[in-house]
Amino acid sequence: AGAGDGGELLIREILNNPDHRYPPVGFIDDDGRKAGKKIHGYRIFTSDDLPSLIQAYGIDEVLISSFKVPEARLDSLRSMGVCLKKMSIRIE
């Protein structure tokens with residue numbers, strides 16, 4: 001979730017570290033100007049696409065890469081039946 005710098009770092013970490021065992025489907029971003037573009041080959045979707053993605057791919061977890069997501073948006077995601085996980089990437 002989130003197609004900004006945090007999302008890009010997160011997808012790189014997932015792809016480069018098989019211990020994470022998260023098969024990515026794509027990104028969700030509220031900025032409609034990003035919709036349809038790709039990051040590392042994964043499409044950017046809008047929030048409106050999420051219900052159909054959950055159904056089509058059997059998604060049960062959404063990784064949040066930004067701490068700027070409003071709590072109301074997180075509640076909306078939870079109401080769709082997905083578990084939310086915030087991931088932070090430490091650069092040392």
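How do the residues lining the largest pocket divide into nonpolar, polar and charged? The lining has 17 nonpolar, 3 polar and 2 charged residues. Here Ala, Val, Leu, Ile, Met, Phe, Trp, Tyr, Cys and Pro count as nonpolar, Asp, Glu, Lys and Arg as charged, and the others, Gly among them, as polar.

A quick word before you click on. This is a predicted model, where local features need pLDDT of at least 70 and side-chain atom pairs count only at pLDDT 80 or more, while totals for chains, interfaces and linings use all residues. Residues are numbered from 1 along each chain as its sequence is written, and side-chain values use heavy atoms, with hydrogens and water left out.

**Stop 1: the pocket**

Select Pro 23, Pro 24, Val 25, Glu 61 and Val 62: of the 22 lining residues, these lie nearest the centre of the largest pocket. The space in there comes to about 450 Å³. A pocket is found on a 1 Å grid over the protein atoms alone: it is an open set of points where a 1.4 Å probe fits, with protein on both sides within 12 Å along at least five of seven lines, and lining residues have an atom within 4 Å of a point. The volume is the space filled by probe spheres set on the points, which are joined across faces, edges and corners.

Now colour helix H1 (5-16), strand E1 (27-28), helix H2 (50-57) and strand E4 (61-64), each of which supplies at least two lining residues. H1 gives the most, with 4 residues. These helices (H or I, at least four residues) and strands (E, at least two) are DSSP runs, numbered from the N terminus.

**Stop 2: along H1**

Stay on H1 and pick Arg 12 and Glu 8. They form a salt bridge, with the closest N and O atoms 3.0 Å apart; the term means a side-chain nitrogen of Lys or Arg within 4 Å of a carboxyl oxygen of Asp or Glu. Because they sit 4 residues apart in helix H1, about one helical turn separates Arg 12 and Glu 8. Arg 12 is partly exposed at 36% relative accessible area, and so is Glu 8 at 22%. (Buried means under 20%, exposed over 50%, partly exposed in between, with a 1.4 Å probe and protein chains only.)

**Stop 3: E4 and E5**

Next, show E4 with strand E5 (residues 83-86): they pair in the parallel sense over 4 bridges. Strands count as paired if DSSP finds at least two bridges between them. To get from E4 to E5, the chain passes through helix H3 (residues 71-79), in a right-handed β-α-β crossover. Right-handed means that, with the strands pointing away from you, the path from the first strand over the helix to the second runs clockwise.

Zoom in on Lys 85, which stands opposite Leu 63. Its side chain also meets that of Glu 61 in a salt bridge (3.1 Å, N to O). This pair links distant parts of the chain, 24 residues apart.

**Stop 4: another sheet**

Where does E3 sit in the open sheet of 3 strands? The order is E1-E3-E2, with mixed pairing. E1 and strand E2 (38-39) are the edge strands. E2 runs antiparallel to strand E3 (residues 42-45), joined by 2 bridges; Ile 39 has Tyr 42 as its bridge partner in E3.

Select Asp 29 and Lys 34, whose side chains meet in a salt bridge (3.5 Å, N to O). Asp 29 is buried, at 12% relative accessibility, whereas Lys 34 is partly exposed, at 26%. Finish with Glu 71, Asp 75 and Arg 78, linked in a network of salt bridges.
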